[in-house]
Amino acid sequence: MPRTAPPSTGPTTGPRIAGPRMTSCQKLVLALLLGSQFMIAVDFSILNVALPVVGEGLGFSLAHLQWIATSFALAAAGFTLLFGRVADLVGRKNLFIGGMVVLGLSSALGGLATSPEVLLTARVLQGLATAAVTPTGLALLTTAFREGPLRERALGLNGALMSAGFTAGAILGGLLTDLLSWRWAFFINVPVAALVVILAPAVITDSRPERRPRLDVPGAVTVTGGLLLLVLGLTQAGETGWTAPTTLAALAAGAALLAAFVRIEQRAAAPLVPMHILKRRSVVWGNTAGLIAFVTETSLVFLLTLYLQEVLGYSALATGLAFGVLGIGTVVGGVLGGRAVGRFGNRRAIALGGVVQAVATLSLVALGTSGAWIWLLLAATFVGGVGNMLMIVGFMVTATSGLPDEEQGRATGLATMTQQIGIALGIPVMSAVVTARTGAETGPEAVLSGVSTAILVNSALVLAGALLAGYFLAERDRTAAAEA
């Protein structure tokens, strides 16, 4: 594989007249990897609108219904960093194919489930497969394209399809549930996974370090356990409140394990994540921007689902279709994202995208109980989707730039972990805001009040995250220029 070029630290001086073109082989690799990543993104949300139907069919109690989504998110977020490193040991191609095999088999198991226990087992296995496939797929993508315009374009398309997949999952879940059965939300994965497993060995070229490194077992145990407990604690906060003993215990234990992980990495001979990577401002602030982008946009889908169904009275299918406009916006933003990074630079793309998303989200505070407000929702989600994708593409390029191929597994593992933690945390955090605002009140007016408050918090969060990331990345650029 070619070595990476020096990272770009600022905007280009003028428009590109003719950029490099992808080879036929690169296009085939891109199509295969993007297809798998899109399917993974769909899995995050495909069951969301069908949860009541699934619960009724398998006998889930209302209190335990959230675990259909949470069990998947816990496994996906908790094991991503570990599998990103394991890929460097066994080969990214091998782990990618193995993960797709597990994803296909677990999806078949979920579709055939006849009890809550079997369904939750399938969701955990799907989450583990996601934790293996997503970072390895991203690492294979970044090593297949030299750092520069082609990689920016590939990451832009990847980000667009990942974000669009999240909204497409809601639409597809509603359609399959209404027209066929919720079981097809699982079965649809099986032929796609089989096709990827058949084609990948001939299409994908493996990439791993020349010397096989040792696995940092203490680091792997502490970071995986810490992330699992952190996500569990925040999920519990959304369900039972921030002061519940189980919430506080999980959050405290998670924080302690993550602190122990940092100490272990400082002393380990072969650390899971070397400190020199964690000290890079591009890694720290790129991932911070990505975390904010995923926390805010995925939780906004949740908030607007409450608004559409509880305030305007939309069905699950109509709600999913309404998010199609958001999906279109994310695709447009993903296509423009690579160009924006190339023209304006990483940090300006992040800041611009965050400001656009924040303004569009803020406008949703005006939503009312009349059905006519749907037009504001559609326009704002489209514009916000474009801004969100500019921010995500900027994050992906920033967090993986300036590192050699042998460290791309670590960098993409961190980036993917950021993405999946953001998706897992956004809903419980915003759910806690809604619950705190509404209290014991019910009805459309109460729900609207809680949703409006959470939307305001959401907008402030994305604006602060984007501007802070842009500022500190600018400081990095100024420092690099002074040392040159």
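Of the 484 residues of the chain, 56% count as buried, where buried means under 20% relative accessible area, exposed over 50%, and partly exposed in between, with a 1.4 Å probe and protein chains only. This is a predicted model, in which local features need pLDDT of at least 70 and side-chain atom pairs count only at pLDDT 80 or more, while totals for chains, interfaces and linings use all residues. Residues are numbered from 1 along each chain as its sequence is written, and side-chain values use heavy atoms, with hydrogens and water left out.

The secondary structure of the chain comes to 18 helices and 0 strands; helices (H or I, at least four residues) and strands (E, at least two) are DSSP runs, numbered from the N terminus. The accessible surface of the chain is about 19,000 Å², and 68% of that surface belongs to carbon and sulfur atoms. Among contacts (heavy atoms within 4.5 Å) between residues at least 6 apart in sequence, 84% join residues at least 24 apart.

Helix packing can be followed from α4, which spans residues 92-111 and packs against α8, residues 189-203, at an angle of about 160°, with the two axes 8 Å apart. Axes here are lines fitted to C-alpha atoms, for helices over the stretch in contact, and angles run from 0 to 180 degrees between N-to-C directions. The angle makes α4 roughly antiparallel to α8, a term used for angles over 145 degrees. On the α4 side the contact includes Phe-96, Met-100 and Gly-104, and on the α8 side it includes Val-190, Ala-193 and Val-197. By class, this contact of α4 with α8 has 11 nonpolar, 3 polar and 1 charged residues, with Ala, Val, Leu, Ile, Met, Phe, Trp, Tyr, Cys and Pro counted as nonpolar, Asp, Glu, Lys and Arg as charged, and the others, Gly among them, as polar.

Helix α4 also meets α5, and the axes of these two come within 8 Å and cross at roughly 155°. The helices α4 and α5 are therefore roughly antiparallel to each other, and α4 passes α5 in a left-handed crossing. Their contact has 15 nonpolar, 8 polar and 2 charged residues.

Helix α5, residues 116-144, has a further partner in α3, residues 67-90, and the axes of this pair come within 6 Å and cross at roughly 35°. Here α3 passes α5 in a right-handed crossing. Among the contributors to the contact are Phe-72, Phe-79 and Phe-83 of α3, together with Leu-120, Val-124 and Leu-128 of α5.

Gly-324 is found in helix α14, residues 324-344, and counts as buried at 18% relative accessibility; its C-alpha atom is separated by 8.8 Å from that of Ala-170, 154 residues apart along the chain. Gln-419, in helix α17 (residues 408-438), is buried with a relative accessible area of 1%. Thr-442 lies in the loop between α17 and α18 (444-483), and with a relative accessible area of 69% Thr-442 is exposed.

Note on methods
Angles under 35 degrees count as roughly parallel, over 145 as roughly antiparallel, 65 to 115 as roughly perpendicular and the rest as oblique. A crossing is left-handed if the near helix is turned anticlockwise from the far one by less than a right angle, and right-handed if clockwise. Accessible areas come from the Shrake-Rupley method with a 1.4 Å probe; for residues, only the protein chains shown count as cover.
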